[in-house]
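Subject: Structure handover

Hello,

Here is the structure I said I would pass on. My notes follow it.

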Amino acid sequence: MSDQVQPAQGPGTSGPGPEGAGFTYRGAEEELIVVARAEARLRAGAEGVRSASGADVSALDMFLSDEQLRLEPLFGSEERLQSGPQVPGAGSVPDLALFYRVRGVESRAQELRSRIAALPEIDTAYVKPGAVPASVGPFGQSAVGPFGQSNGDGGRERKEGTPVTPDFSGRQGYLRAAPEGVDAHWAWQRPGGSGQGVTVIDVEGAWQLGHEDLAGKLAGVVAGTPVQDMAWRNHGTASLGVLGGDRSDYGITGIVPDAVTATASVQGIGPAAAIHAAAERLSPGDVVLVQMHAPGPRFDYEQREDQRGYIPLEWWPDVFAAVRYATAKGVLVVAAAGNGAESLDDAVYERRPDEFPEWWRNPFNPSNQSSGAVLVGAGAPPPGTHGRDHGPDRSRLAFSNYGSRVDAQGWGREVTTTGGSWDRPGDLQGGAEEIAWYTDTFSGTSSASPVVVGALAALQGMLKAAGQEPMSPERARAVLRATGSPQQDAPDRPASQRIGNRPDIKAAVTQLLPQAVGSGQAERFWDELLPYPRELPPRIRLFVAGDWRNLNNPSPGIRQAVHTAFAGGRPDVRVWFSDDEIVGLVVTG
């Protein structure tokens with residue numbers, strides 16, 4: 001186990017909140033979670049509780065009645081959970097039917113916890129602190145009404161005379177080729193590489209679903225009731241933009257603009273139930289993104305503006321169970337590693353809290369059963385991005401949690417996307433209309449995680465387009481660890497404080513879809529002097545062996561040689577290619 005590191009000074013060390021000041025999200029919900037004894041076979045409903053095994057539950061029923069509380073199955077009806085279709089690998093998933101949430105607790109959670117845990121039908125009970133977005137920098141009214149219903153696309157209509165949004169895609173360095181970005185531009189040229197056939201559900205609090213740059217593939221809210229708070233909306237809007245911003249001539253473009261995106265709010269149901277509800281709606285190969293963290297045991301689960309000690313949500317047994325359910329089903333779960341500046345290898349995480357079930361083991365220890373989720377740390381973008389320096393490219397940002405459990409990193413600062421900045425209008429484009437806000441400074445493990453999700457969704461789309469099985473959660477983690485642009489050292493933050501590699505889509509495809517090199521004679525050509533989409537490089541396309549092959553950024557000499565060969569009427573242009581990429585070219589005559 002590693003020692004906990006003290007905060008450093010210099011580039012990459014600033015804290016959460018606008019200009020490095022602290023920030024508190026309003027509305028985070030504390031939960032009282034109960035784990036029942038299996039032999040009691042509890043059944044809870046509006047009429048009270050009963051036992052399917054005939055056990056005496058009168059003490060529990062009286063306690064709930066006297067305290068005006070209600071026991072609610074956390075993951076839905078116990079009968080449905082136990083009689084429904086079994087997912088592959090379900091034997092390793094904790095029994096979801098044993099988890100309950102106590103309603104009506106208000107401010108009495110700690111006092112009620114010890115009393116309900118002492119009842120004979122209850123295995124244990126614990127208080128789970130409110131989870132909040134895992135953002136550390138400036139990151140936008142929702143198209144979702146006060147009861148979670150969609151307000152439709154009408155919210156995207158802008159007032160007459162409003163200035164047209166400029167093109168901000170040139171500021172999205174995370175789209176570029178590795179090592180700077182994840183090479184989304186390259187992926188878009190490949191079948192499935194823009195996320196076709198893949199669905200991503202973002203689990204957090206709120207979103208501006210009417211944003212002008214999120215119209216294409218946004219499916220709305222599938223669970224929970226969005227938080228009516230600007231800071232939460234800005235955060236969720238920023239997450240969706242990184243993933244699925246529309247491909248157009250204004251604003252930004254998401255890493256996978258053709259993926260279907262949807263949302264699940266934690267308000268009213270909690271993170272575990274939101275993750276489970278999202279997984280229920282997805283198929284193997286789809287993705288759940290968990291954009292939250294919560295205060296951990298370092299500071300006795302204290303809510304702090306500086307977010308020190310905040311950790312991934314899988315630490316809590318109910319969330320671990322929900323994630324295990326999703327990954328056993330073949331759904332990828334990608335979660336923020338948190339902004340607590342914590343070593344997740346520290347011994348503090350080996351100690352089981354007294355309130356947790358006996359079966360609980362530290363999920364951050366690779367020797368124990370894993371939730372199967374991809375945990376994402378926050379790395380520095382290249383120095384000079386947007387004129388700022390956060391330390392060496394791909395080095396750990398000081399706020400980011402780290403350790404052997406962390407699988408990969410994304411940009412943790414300077415992420416250009418949709419939405420406003422914290423609880424304010426957009427810092428890149430603000431104004432009176434929230435549907436046209438943009439930010440240059442979405443940050444934290446919250447900005448890093450959708451970058452990794454975008455790369456994974458591009459890979460899943462390419463696998464599906466090639467007729468291959470999508471990556472399993474285990475394979476996805478292995479690919480992220482085996483490929484990508486390596487983590488770099490920074491002063492006081494060596495690469496041994498692991499946040500992993502930055503994904504490289506092109507390198508991952510080489511491992512996932514190894515292609516033999518083919519060759520043939522070019523039959524015709526197409527010279528794209530001004531390519532579209534505009535993010536693509538200039539290229540010559542040659543029709544070889546029944547398909548178009550691409551040569552990006554050809555030199556003036558190559559371009560002239562190809563033109564001359566075809567102008568003569570009898571071209572002799574020999575091409576070697578891998579997939580649709582030209583890797584060798586000979587022009588004779």
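The model is a predicted one.

**The seven-stranded sheet**

An open sheet is formed by seven strands, paired in the parallel sense, in the order β9-β10-β8-β11-β14-β15-β16. Its edges are β9 (218-223) and β16 (408-411); each has a single partner strand, so one side of each has no neighbour in the sheet. On average, neighbouring strands here are turned by 30° against each other, direction ignored.

Helix α6 (residues 271-280) lies across β8 (199-204), β9, β10 and β11 (287-290), and runs at about 170° to β8. Helix α8 (residues 445-465) lies across β8, β11, β14 (332-336), β15 (374-379) and β16, and its angle to β15 is about 125°.

**Antiparallel pairings**

Three strands make up an open sheet with antiparallel pairing, in the order β7-β12-β13. Here β7 and β13 (310-312) are the edge strands, each pairing on one side only. The pairing of β7 with β12 (residues 292-295) is antiparallel and rests on two bridges, with Pro133 opposite Met292 in β12.

Elsewhere in the chain, β2 (residues 42-45) and β3 (residues 48-51) pair in the antiparallel sense over four bridges. A hairpin of two residues joins β2 to β3, and Ala44 stands opposite Val49 in β3.

In soluble globular proteins, nonpolar side chains tend to be buried together. The largest nonpolar core in this model has 62 residues, and those with the most contacts inside it are Phe99, Val203, Val288, Leu313, Trp315 and Trp316. A second, separate core has 50 residues, including Val200, Met462, Ala476 and Leu480.

Leu480 counts as buried because its relative accessibility is 6%, and the cut-off for buried is under 20%. Apart from neighbours within four places in sequence, Leu480 is in contact with Val374, Ala408, Val452, Leu456, Asn501 and Pro503. Leu480 and Ile505 are 25 residues apart in sequence, with 9.6 Å between their C-alpha atoms.

**Aromatic rings and charges**

There are 14 aromatic pairs in the structure. One of them is formed by Tyr126 and Phe356, whose centres are 5.1 Å apart and whose planes stand at 65°, an edge-to-face arrangement. Are these two residues buried or exposed? Both are buried: Tyr126 has a relative accessible area of 1%, and Phe356 has a relative accessibility of 4%. Tyr126 and Phe356 also belong to a cluster linked by ring pairs, together with Trp315, Tyr349, Trp360 and Phe364.

Two arginines lie over aromatic rings. The charged end of Arg247 is over the ring of Trp188, at 5.2 Å from its centre. Arg549 lies over the face of Phe577, with 3.8 Å to the ring centre.

**Backbone points to check by eye**

Most residues other than glycine have a negative phi, and most peptide bonds are trans.

- Ala178 and Pro179 are joined by a cis peptide bond, with omega at about 10°. Pro179 is in the loop between β7 (132-133) and α4 (184-188).
- Asp492 is not a glycine, yet its phi is positive, about 70°. Asp492 sits in the loop between α9 (473-482) and α10 (505-512), and counts as exposed at 55% relative accessibility.
- Asn553, also a residue other than glycine, has a positive phi near 50°. Asn553 is in the loop between β21 (547-552) and α11 (556-567), and is exposed, with a relative accessible area of 52%.

Regards

Notes. Residues numbered from 1 in each chain as written. Predicted model: local features only at pLDDT ≥ 70, side-chain atom pairs only at ≥ 80, totals over all residues. Heavy atoms only, no water. Phe/Tyr/Trp six-rings, centres within 6.5 Å; stacked < 30°, edge-to-face > 60°. Buried < 20%, exposed > 50% of the residue type's maximum accessible area, 1.4 Å probe, protein only. Lys NZ or Arg CZ within 6 Å of the ring centre and 35° of its normal. Pairing = 2+ DSSP bridges. Axes fitted to C-alpha atoms, helices over the stretch in contact; angles between N-to-C directions. Contact = heavy atoms within 4.5 Å. Core = buried A, V, L, I, M, F, W, Y, C linked by side-chain atoms within 4.5 Å.
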